[in-house]
Amino acid sequence: MSSSDTIFALSSGHGVSGICVIRVSGSQAGDLIRLFCGKMLVPRRASVSLLTEPHSGRVLDQAVVIWWPAPHSFTGEDVAEFQLHGSRAVVEAMLSCLGSFDGLRPADPGEFTRRAFVNQRIDLVEAEGLADLLAARSVAQHTQAMRQMLGEASSVYENWRSRLLRILAMAEAAIDFDEEGVGGAADAFRIRESVGLRDEIEAALSDADRARRIRDGVRVVLAGFPNVGKSSLLNALARRDAAIVSPLAGTTRDTIEVSLVLDGHEVIVTDTAGLRGTSDDIETIGVARALAAASAADILIWVASPDVAKSEDVWPDLNPDILVRNKSDLGVTELGLNRNNSIPVVGLSAILGNCGELIETILSIIATKYQHTEHAVVTRERHVTALRDSIRLINESLRPDSAPEFVAEDLRNAAAALGRITGVIGVEDVLGAIFSEFCIGK
């Protein structure tokens with residue numbers, strides 16, 4: 001597909017609605033406004049106009065039309081936006097008409113945003129923030145995505161890169177003006193500033209895993225022996241029948257995930273197979289998957305019940321965050337020795353659905369583990385990789401036995417690694433992966 005094509009897409013959701021939005025970006029956008037509206041419109045002003053099908057003269061709709069001439073548009077190109085009534089007939093007629101013109105084609109997923117990046121209207125971190133905003137389900141995800149999209153994270157990355165370039169300039173000055181006696185002072189500045197910047201980047205990296213939990217969702221895993229009520233507990237938390245419940249042991253053979261939003265945080269709750277030794281090949285696979293999920297959990301809940309012997313004896317090598325004493329409706333308040341007396345213990349009945357205390361306990365742990373991580377800078381693996389490269393190269397430049405020319409080259413490459421995060425330095429190999437996350441029309 002040529003980047004010189006004029007592209008169009010339905011930017012609002014599919015289906016019947018009061019209003020829908022169709023966007024056009026490219027050199028033919030202005031001509032299309034003239035053809036559909038019969039005149040050119042005032043830039044950046046919403047205008048009500050009858051839209052007439054240019055080939056037949058048939059009136060398509062009465063719409064609000066906005067004209068953004070380049071470069072003052074989202075994509076940096078000429079952009080026309082048609083706000084039509086959200087009838088399927090209107091949308092299909094408008095899209096069909098646009099597709100009949102030479103040089104116009106439907107946009108690829110993320111192509112509007114990709115053109116905005118190419119035309120330097122946004123950088124890569126802002127584009128990723130926009131993708132995260134479109135996918136946000138919780139308040140915390142929304143807050144984190146807005147900071148990325150509005151350029152706050154980009155400002156931090158660019159500040160680091162600018163400081164690194166100043167350090168590089170001093171390293172090169174130490175080489176170029178060594179005979180003038182400036183080498184010692186330049187080296188002292190380089191070392192002091194390099195150590196400070198490296199420590200600052202390392203501190204930001206230390207929050208990366210926690211920040212990604214906000215973006216991807218906090219993983220809460222239910223583990224325990226068969227028939228302690230893990231599936232019933234999942235259904236109670238989800239408030240629907242997400243998992244099959246049966247009195248037969250070993251009903252759950254695979255992991256089952258449900259995404260919830262609890263007090264502004266996305267939480268992915270996973271039900272797992274009951275843990276026990278078994279000769280059944282399929283159940284053995286289920287137990288292995290249960291243990292893998294439990295090991296990868298952000299919050300591990302061990303579920304016990306009074307009608308399952310020794311159900312509080314946690315499986316070896318697992319370290320739960322919460323002990324749930326399920327089936328309180330059976331009238332038994334103590335199941336026996338709690339071998340994990342350092343963790344919260346919650347009594348409940350999944351059948352009765354009284355999960356309020358458990359939810360509060362989960363939220364308390366989230367608040368402790370992930371406090372303020374919606375304001376973190378490093379949210380993606382791509383950022384982590386580039387920052388680790390930068391730290392490694394800064395450390396190489398600080399080696400006392402490194403020649404001045406190698407010091408300068410290490411610093412230059414460290415600055416390039418930071419530049420790849422925002423897209424200042426060549427990133428063609430990652431563009432496809434980034435913009436494929438978008439829907440068509442964005």
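Me: What should I keep in mind about the numbering and the confidence limits?
Reply: Residues are numbered from 1 along each chain as its sequence is written. Because the model is predicted, local features need pLDDT of at least 70 and side-chain atom pairs pLDDT 80 or more, while totals for chains, interfaces and linings use all residues; side-chain values use heavy atoms, without hydrogens and water.

Me: Let's start with the sheet. In what order do the six strands lie?
Reply: Strands are DSSP runs of E with at least two residues, helices are runs of H or I with at least four, and both are numbered from the N terminus. Two strands pair if DSSP finds at least two bridges between them. Here, the order is S3-S4-S5-S2-S1-S6, in an open sheet with mixed pairing. Strand S3 (47-52) and strand S6 (104-106) are the edges, each pairing on one side only. On average, neighbouring strands are turned by 30° against each other, direction ignored. Such angles are taken between N-to-C directions and run from 0 to 180 degrees, with axes as lines fitted to C-alpha atoms, for helices over the stretch in contact.

Me: How many bridges join S2 and S5?
Reply: Eight, in the antiparallel sense, with S2 covering residues 17-25. Within this pairing, Ser 25 stands opposite Val 79 in S5.

Me: And which strands does H3 lie across?
Reply: H3 lies across strand S1 (6-10), S2 and S6, and runs at about 135° to S1.

Me: Is Thr 75 buried or exposed?
Reply: Buried means under 20% relative accessible area, exposed over 50%, and partly exposed in between, using a 1.4 Å probe and protein chains only. Thr 75 counts as buried because its relative accessibility is 1%.

Me: Now the backbone. Which peptide bond is cis?
Reply: The one from Ala 70 to Pro 71, with omega near 5°. Pro 71 belongs to the loop between strand S4 (59-68) and strand S5 (79-86).

Me: What is the phi of Gln 120?
Reply: Near 60°, a positive value in a residue other than glycine. Gln 120 is in the loop between helix H3 (111-118) and helix H4 (124-135), and is exposed because its relative accessible area is 73%.

Me: Finally, how do I read an aromatic pair?
Reply: By the distance of the centres and the angle of the planes. Rings of Phe, Tyr and Trp (its six-membered ring) pair if their centres lie within 6.5 Å; planes under 30 degrees apart count as stacked, over 60 as edge-to-face and the rest as tilted. The whole structure has four aromatic pairs. In one of them, Phe 36 and Phe 82 are edge-to-face, 5.8 Å centre to centre with 65° between the planes. Phe 36, Phe 82 and Phe 101 form one aromatic cluster.

Note on methods. Contact means heavy atoms within 4.5 Å.
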